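Have a look at the sequence and the fold, then read on.

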Amino acid sequence: KKQETKMSWKAWTDKMLAQKMAGHMILAANGAVCTSGGTLKAAKAAEVAALIKGFGGTSLSTGIILAGAKYFFQAATDDTIRGRKGSDGVIAVKSPGAKYIVVVTYNKNVTAEAASAAAGRQADALGG
């Protein structure tokens, strides 16, 4: 049986920022912000709502806006959204069971692959 580790919401954000993510946010499936930090600290409710609607579709084809920064929409599946702005990017990943959504922004100091892997690991750790 997998041992569960209980962490405060702030600890989840601190862990991602320590991995050199520019910003981090954990959302409940209904869009409520559980924790946020870095560049995503100032994300607005309307921006979060638009992001959540983008899973599995193309409703983000005009771009992803978070904390006032606009990212070029790259792709969306039922579980993942990706965007890019020059050497910066954004990745949103649903947890198994889709109870939570992990959102990270990254800059030139982190590859898209590393950011995606970190967000995916955290989403998996949060479970459903």
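In what order do the seven strands form the open sheet?

## The sheet

The order is S2-S1-S7-S6-S5-S4-S3, and the pairing is antiparallel. Strands here are DSSP E runs of at least two residues, helices are H or I runs of at least four, and both are numbered from the N terminus. Two strands count as paired if DSSP finds at least two bridges between them. At the edges sit strand S2 (33-38) and strand S3 (64-66), each of which pairs on one side only. From one strand to the next, the twist averages 20°.

S3 is joined to strand S4 (residues 69-76) by three bridges, and the two run antiparallel. Within this pair, isoleucine 65 is found opposite lysine 70 in S4.

## About the model

Please keep in mind that this is a predicted model: local features need pLDDT of at least 70 and side-chain atom pairs count only at pLDDT 80 or more, while totals for chains, interfaces and linings use all residues. Residues are numbered from 1 along each chain as its sequence is written, and side-chain values use heavy atoms, with hydrogens and water left out.

## Helices on the sheet

Helix H1 lies across S1, S2 and S7, and runs at about 35° to S2. Helix H3 packs on the sheet as well, touching S1, S5, S6 and S7, and its direction makes about 160° with that of S7. Contact means heavy atoms within 4.5 Å; axes are lines fitted to C-alpha atoms, for helices over the stretch in contact, with angles from 0 to 180 degrees between N-to-C directions.

H3 covers residues 112-126, and its 15 residues should span 21 Å at 1.5 Å a residue, which agrees with the 21 Å between its end C-alpha atoms. The expected span is 1.5 Å times one less than the number of residues. Among the buried residues of H3 are Ala115, Ala119, Gln122 and Leu126, where buried means under 20% relative accessible area, exposed over 50% and partly exposed in between (1.4 Å probe, protein chains only). The partners of the buried H3 residues include helix H1 (9-18) and strand S5 (80-85). Just after H3, glycine 127 has a positive phi of about 65°.

Aspartate 14 and lysine 10 form it, with their closest N and O atoms 2.8 Å apart.

These two residues are four apart in helix H1, so about one helical turn separates them. Aspartate 14 is partly exposed at 37% relative accessible area, whereas lysine 10 is exposed at 54%.

Definitions and conventions
Salt bridge = Lys/Arg side-chain N within 4 Å of Asp/Glu carboxyl O.
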